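Here's a quick tour of how one chain folds up. Have the sequence and the 3D view open as you read.

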Amino acid sequence: MAEFNRKTKETDIYCKIDINGCGKSSINTGVGFFDHMLEALSKHSGVDIELTCKGDLHIDAHHTVEDCGIVLGKALKDEIFPIKAVERYGNATVVMDEASTTCALDLSNRPYLIYEVNVSGKVGEFDVELAEEFFHALVMNAGLTTHIINERGRNKHHILEASFKAFAVALRRALAKNERLGIPSTKGVL
C-alpha cells in the first residue's frame, strides 16, 4: 500500500492506493466528471484508490487534474517497482456504445505516452484536454510506457470513459501475477 501527501500553492492532495485491492474507491477532487473517471479507473484496474484534492478550482480544474495524475503516478511507482512476478505488459480495447478505445502499456520504468484521443470541448464543466494532462502526469511519474488510441466515437463522455477504462483494464492485466516470469526482463531489472 502506498500513501502520498502533496501540498502546493495550487493543490492539497492526499492519496492512498493498493494495487492488490479489489477496485474500491473513495474519490473527491471537486471535479465531478474527473471523479467519475477515477472511480472507473479504480474499479476496472482492481486498484483501491482513496484520493482527496482541494484545488484552485476558482481558476479552473487544470492544476487539480494534473496534480492528481502526479500523485497517483508516484503512488503507483512505489507499489509497482521493483517489479517482480507480474505479466508486465497489458492491453485492452474497451467499447462504450459507439466509442472504442485501445490502451497498450508496459510496466517498463521508462515513461512515455502516446495519446491519440481527438476530442475537444467540455463534458459538463470538464475541459476534455485535461484527460491528456492527467495521463501524461500519471505515466511520467509511474514509469509506464502507455499508448491510448481512440478508434471511433462521437460522444465525448463515451470516448473519455472508454479511454480511462481501457487504461484500467490494461493496467490490471499488466499487474496480473505470473510467478514463472520472476523479473520480466532479459536485463534482470526494470
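**A sheet with helices packed on it**

In β4, Thr52 is the bridge partner of Tyr14. That's one spot in a predicted model, where local features need pLDDT of at least 70, side-chain atom pairs count only at pLDDT 80 or more, and totals for chains, interfaces and linings use all residues. Numbering starts from 1 along each chain as its sequence is written, and side-chain values use heavy atoms, leaving out hydrogens and water.

**The sheet**
- β2 (residues 11-18) and β4 (residues 48-55) pair in the antiparallel sense over eight bridges; strands pair if DSSP finds at least two bridges between them.
- Strands (E, at least two residues) and helices (H or I, at least four) are DSSP runs, numbered from the N terminus.
- The open sheet has four strands, ordered β1-β2-β4-β3, with mixed pairing.
- β1 (2-7) and β3 (25-28) are at the edges with a single partner strand each, so one side of each has no neighbour in the sheet.

**Helix α1**
- Which residues of α1 are buried? They are Phe33, Phe34, Asp35, Met37, Leu38, Ala40, Leu41, Ser42 and Ser45, where buried means under 20% relative accessible area (1.4 Å probe, protein chains only).
- Next after α1 comes Gly46, with a positive phi near 80°.

Conventions:
Buried < 20%, exposed > 50% of the residue type's maximum accessible area, 1.4 Å probe, protein only.
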